[in-house]
Amino acid sequence: MAFPFAGRAVSRIGYGAMQLRGLRDDRAAAIALLRHAVDLGVDHIDTAHFYGDGFVNDLLREAVRPEDGVLIVSKVGADPDPTGPHPIRVAQRPEQLRASVEANLAGLGLEQVPVVNLRRTDTGPAPVRAQGDQVVDVDDQIAELVALRDEGKIGAIGLSAVSLETLRRALPAGIVCVQNAYSLAARDDEELLDLCTAEGIAWVPYFPLGGAGPDLPKVTDEPSVLAAAAALGRTPAQVGLAWLLHRAPNVLLIPGTTDKTHLEANLAAATITFDTETRVALGLPA
């Protein structure tokens, strides 16, 4: 299974690198996991300079080679804050977006970041919210990213943690993906997903299994998911990921892990098919 994304076809299950920041004390294990992912066919990796204050990007620079053909997607809109109350702080002003792109380029060792997502705080869980001079009109932010694209420093523009109105305003710039919190158990953004599907924009949900906070129910606790997992001989997590792939053809997944076995199980979710009865039980069209 593949989907056209930023001018090329990528496998519908990639890898989200955020959790690698937890392997700061075991760099060799982190590199080995990335190499294993590439060997298994992962060709879409999601990262950010603010993951581990540049640590994760540095890992990718070492582990992923140009000949691997991996599409690297990063994001801007926040900066590392290793000594603050949260590991990141909002950085929404245009000059901060530009500085973050430059930091990603340097950390990844690239001349161009293929896709850069603008991480706003319109919606979804966030440790910090934009306040004061960090409340920036999306038109001003998109203008800066378009300028960076024109300069060749980024290849394409995506959005993260955005509202339906923000996406509609940004569409003329040529948005290639949207990352919002979304899962079988948390479906507030159905209209936004439907717009992305109609526009051919990749939908790349974060928290694909829910449960990342007290307000997000866990997909793996859903009775219909547990029943499907038992019937199929799969794990509830695999069923939850497979549900997303069946929800719409433009869904791309980036589940993260620091465990090799878990990585393999996540990728195997792409092989799951649902019969009509299971689809109906899971809330999918028959």
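1. Position of Gln-238. The model under review is a predicted one. Gln-238 belongs to helix H8, which covers residues 236-247. Its relative accessible area is 9%, and a residue counts as buried when that value is under 20%; Gln-238 is therefore buried. Apart from neighbours within four places in sequence, its contacts are Ala-265, Ala-268, Ala-269 and Ile-272.

2. Helices H7 and H8. How do the axes of these two helices cross? The axes of H7 (residues 223-232) and H8 come within 8 Å, and the crossing angle is roughly 105 degrees. H7 is thus roughly perpendicular to H8, because angles from 65 to 115 degrees are classed in that way.

3. Helices H3 and H4. H3 (residues 94-108) packs against H4 (residues 138-150) at an angle of about 35 degrees, and their axes are 9 Å apart. The crossing of H3 and H4 is right-handed. H3 contributes Pro-94, Leu-97, Arg-98 and Val-101 to the contact, while H4 contributes Asp-140, Gln-141, Glu-144, Ala-147 and Leu-148. The residues of this contact comprise 5 nonpolar, 1 polar and 3 charged.

4. The chain as a whole. The protein chain has 10 helices and 11 strands. Its C-alpha trace spans about 50 × 45 × 40 Å along the principal axes. For 286 residues, a compact globule would have a radius of gyration near 19 Å; the value for this chain is 18 Å, which agrees with that expectation. Of the 286 residues, 51% count as buried. Among contacts with a separation of 6 or more, 73% join residues 24 or more positions apart.

5. Arg-65. Where does Arg-65 lie? Arg-65 is in the loop that runs between helix H2 (55-63) and strand S5 (71-76). Its relative accessibility is 42%, so Arg-65 counts as partly exposed. Arg-65 and His-246 are 181 residues apart along the chain, and their C-alpha atoms are separated by 31 Å.

6. The buried residues of H2. Which residues of H2 are buried? They are Phe-55, Val-56, Asn-57, Leu-59, Leu-60 and Ala-63. Helix H1 (27-39), strand S4 (44-46) and helix H3 are included in what covers them.

7. Helices H1 and H2. The packing angle between H1 and H2 is about 60 degrees, with the axes 10 Å apart. The two helices are therefore oblique to each other, and their crossing is right-handed. The contact draws on Arg-27, Ala-30, Ile-31, Leu-34 and Arg-35 from H1, together with Phe-55, Asp-58, Leu-59, Leu-60, Glu-62 and Ala-63 from H2. By class there are 7 nonpolar residues, no polar residues and 4 charged residues in this contact. The student may note that Phe-55, Leu-59, Leu-60 and Ala-63, listed here in the contact, are also among the buried residues of H2.

8. Ile-154. Is Ile-154 buried or exposed? Ile-154 has a relative accessible area of 0%, so it is buried. Ile-154 is located in the loop between H4 and strand S9 (157-160). Leaving aside neighbours within four places in sequence, Ile-154 is in contact with Val-101, Gln-112, Val-113, Val-116, Leu-145, Leu-148 and Arg-149. Val-101 and Leu-148 also take part in the contact of H3 with H4. Ile-154 and Val-73 are 81 residues apart in sequence, and the distance between their C-alpha atoms is 9.9 Å.

9. Two residues with positive phi. Most residues other than glycine have a negative phi. Asp-53 has a positive phi, near 55 degrees. Asp-53 sits in the loop between S4 and H2 and is partly exposed, with a relative accessible area of 44%. Phe-207 likewise has a positive value, with phi near 50 degrees. Phe-207 is in the loop between strand S11 (202-203) and H7, and its relative accessible area of 29% makes it partly exposed.

Conventions
Residues numbered from 1 in each chain as written. Predicted model: local features only at pLDDT ≥ 70, side-chain atom pairs only at ≥ 80, totals over all residues. Heavy atoms only, no water. Helix = DSSP H or I, 4+ residues; strand = E, 2+ residues; numbered from the N terminus. Buried < 20%, exposed > 50% of the residue type's maximum accessible area, 1.4 Å probe, protein only. Contact = heavy atoms within 4.5 Å. Axes fitted to C-alpha atoms, helices over the stretch in contact; angles between N-to-C directions. Parallel < 35°, antiparallel > 145°, perpendicular 65-115°, else oblique. Left-handed = near helix turned anticlockwise from the far one by under 90°. Nonpolar A, V, L, I, M, F, W, Y, C, P; charged D, E, K, R; others polar. Rg over C-alpha atoms; globule rule 2.2 N^0.38 Å.
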